[in-house]
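Please keep the sequence and the structure in view while reading.

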Amino acid sequence: MSSTFDQVASIIAETCDIPRDTITPDSHAIDDLGIDSLDFLDIAFAIDKAFGIKLPLEKWTQEVNDGKATTEQYFVLKNLCARIDELVAAKSTGT
Amino acid sequence: MQLEYFQLVDRILDLNLEEKAIRVEAQVPQTNTIFEGHFPGHPLMPGVLLIESMAQTSGWLLLGVLKFERMPILAAVKEAKVRGSVFPGELLTIEASLAHEGSGYAMTEAKIRVDGKLRANAALTFTLIPFPNADIRGHMDAVAKRVGFPQQALLS
């Protein structure tokens, strides 16, 4: 988890020019860090590449729009990192 | 090119969905009102239209990769470089390749060559949206026919 967070925080800091020390596991990418949807594409791209996964952004967005999920579930960084870990685990087990 | 209709790609020369790459041809017109202002006495193809031509080339690639199920919309232009002027009457060969297909977005890299020499290149980001309505989808089918989109590529 910490390793995933460190990587994600570094990606966000570099991609969006946000000071690394302001990014915490409890930071909300949109509400706290001010990352908009277009900038988030660059972050998703870097995460996809770094972890060898495909963040299901469309599915997440749809769930939020449909009221089936909150943005916190996907865009608070500790939660985002947990999703990444799940996707990496699913990939390694082929599920 | 039909600059008045913003159709900058004339013909698809090759669409390779396995390698996720495309090559198209685009003939810059000899005369156009654009050249009267850009620039008087020294007509040049505007750099933004070169970028748009790379975007449209990438768009055809993405339509093929996505089998016309999504519509690519240009969202970001990165690392765009106009390395040499493009003049009226020149024939462009434009290549694009898929750099990354994400969830709801894609990134491409594109190049424009004239007589084999690189004139411009760019890294582009697209959002991939559902076709807004059947009319636009129908319009794209008609344009696809005009530019020689290889329909058989969609069957593979």
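Gly52(A) comes directly after helix H2(A) and has a positive phi, near 65°. Helices, like strands, are DSSP runs numbered from the N terminus (H or I, at least four residues, for helices; E, at least two, for strands). This is a predicted model, in which local features need pLDDT of at least 70 and side-chain atom pairs count only at pLDDT 80 or more, while totals for chains, interfaces and linings use all residues. Residues are numbered from 1 along each chain as its sequence is written, chains are lettered from A and ligands numbered from 1 in the order in which they are written, and side-chain values use heavy atoms, without hydrogens and water.

At the start of H2(A), a side-chain oxygen of Asp36(A) lies within 3.2 Å of the backbone nitrogen of Leu38(A). The buried residues of H2(A) include Phe40(A), Ile47(A) and Phe51(A); buried means under 20% relative accessible area, exposed over 50% and partly exposed in between, with a 1.4 Å probe and protein chains only.

The axes of H2(A) (residues 37-51) and H5(A) (residues 77-93) come within 11 Å and cross at roughly 40°. Such axes are lines fitted to C-alpha atoms, for helices over the stretch in contact, with angles from 0 to 180 degrees between N-to-C directions. Phe40(A), Ile47(A) and Phe51(A) of H2(A) meet Leu80(A), Ile84(A), Val88(A) and Lys91(A) of H5(A), contact meaning heavy atoms within 4.5 Å.

In chain B, 17 of the 19 residues of H2(B) are buried, so this helix is largely enclosed by the rest of the structure. Lys67(B), which follows H2(B), has a positive phi, near 50°.

Conventions:
A polar contact is a pair of N or O atoms within 3.5 Å; within protein, one must be able to donate a hydrogen and the other to accept it, and residues adjacent in sequence count only if both atoms are side-chain atoms.
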